[in-house]
Amino acid sequence: MRTITFTIEGERLLPSHPLAGQAGEHLDTQLSFDLPQEWQDMDEYRLHFCTDACRNYSTVPLTAPVRFSLPQVLMAAGTLHLFLEGRRGTQIHRTSMARLLVEECPDVPCGETEIDDPMEGLVQSALRDFVQAMSRLEEAEGEAKALRQETDDCTRAIASLTARVEALEKALSSAGQP
């Protein structure tokens with residue numbers, strides 16, 4: 001297994017070497033991250049990837065020490081772009097984009113190797129983000145309906161109180177006249 005160690009300088013993500021491996025490999029390359037002090041106490045880390053075919057992936061939440069083995073789905077010939085994100089509460093750190101080279105495989109035509117789970121630890125970030133957004137939207141819709149009901153109830157109560165005050169003022173003014 002080959003290991004690529006990344007260091008973070010400022011926001012730059014620098015690999016120890018740029019070769020990720022050959023197309024079709026599965027879990028043969030491990031990414032390891034040497035985290036600076038300001039990144040040490042993050043609650044979770046995620047790696048975000050983009051392939052030359054414009055497919056975007058992110059990892060499941062990772063913890064320190066940050067290590068990730070590249071699954072076959074990311075090992076397509078071309079350039080593999082990635083960045084690291086660290087989160088602690090509302091604080092977010094992100095690196096700039098780094099690039100790794102995935103060479104064509106001369107022995108095996110690309111795509112012929114079958115792996116049980118080619119995603120191995122990856123989720124399609126678009127699907128996850130969509131599900132989270134829909135969940136937040138449903139919650140907000142429920143809150144909006146409850147707020148609308150409360151507003152309507154308050155409006156009716158104010159109208160009723162206003163009518164009672166006007167009736168009392170009328171009764172008081174007529175009672176005070178001879």
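Q: What burial state, buried or exposed, do Phe6 and Phe33 have in this predicted model?
A: Both Phe6 and Phe33 are buried, a term that requires a relative accessible area under 20%.

Q: Why is Phe49 called buried?
A: The relative accessible area of Phe49 is 2%, and the term applies under 20%, so Phe49 counts as buried.

Q: Why does Phe68 count as buried?
A: Phe68 has a relative accessibility of 8%, which is set against the cut-off of under 20%, and therefore Phe68 is also placed among the buried residues.

Q: What makes the aromatic pair of Phe6 and Phe33 stacked?
A: The search of the whole structure finds 2 aromatic pairs. In the pair of Phe6 and Phe33 the centres are 4.9 Å apart and the planes lie at 10°; since rings pair with centres within 6.5 Å and count as stacked with planes under 30 degrees apart, the pair is stacked. Phe6 lies in strand β1 and Phe33 in strand β4, 27 residues apart, which is how the pair links distant parts of the chain.

Q: Why is the pair of Phe49 and Phe68 called tilted?
A: The ring centres of Phe49 and Phe68 are 5.9 Å apart, with the planes at 35°; planes under 30 degrees would count as stacked and over 60 as edge-to-face, so this pair is tilted. Phe49 belongs to strand β5 and Phe68 to strand β7, 19 residues apart.

Q: What makes β2 and β7 the edge strands?
A: In the open sheet of 4 strands, ordered β2-β1-β4-β7, β2 and β7 each pair on one side only.

How values were computed: Residues numbered from 1 in each chain as written. Predicted model: local features only at pLDDT ≥ 70, side-chain atom pairs only at ≥ 80, totals over all residues. Heavy atoms only, no water. Phe/Tyr/Trp six-rings, centres within 6.5 Å; stacked < 30°, edge-to-face > 60°. Helix = DSSP H or I, 4+ residues; strand = E, 2+ residues; numbered from the N terminus. Buried < 20%, exposed > 50% of the residue type's maximum accessible area, 1.4 Å probe, protein only. Pairing = 2+ DSSP bridges.
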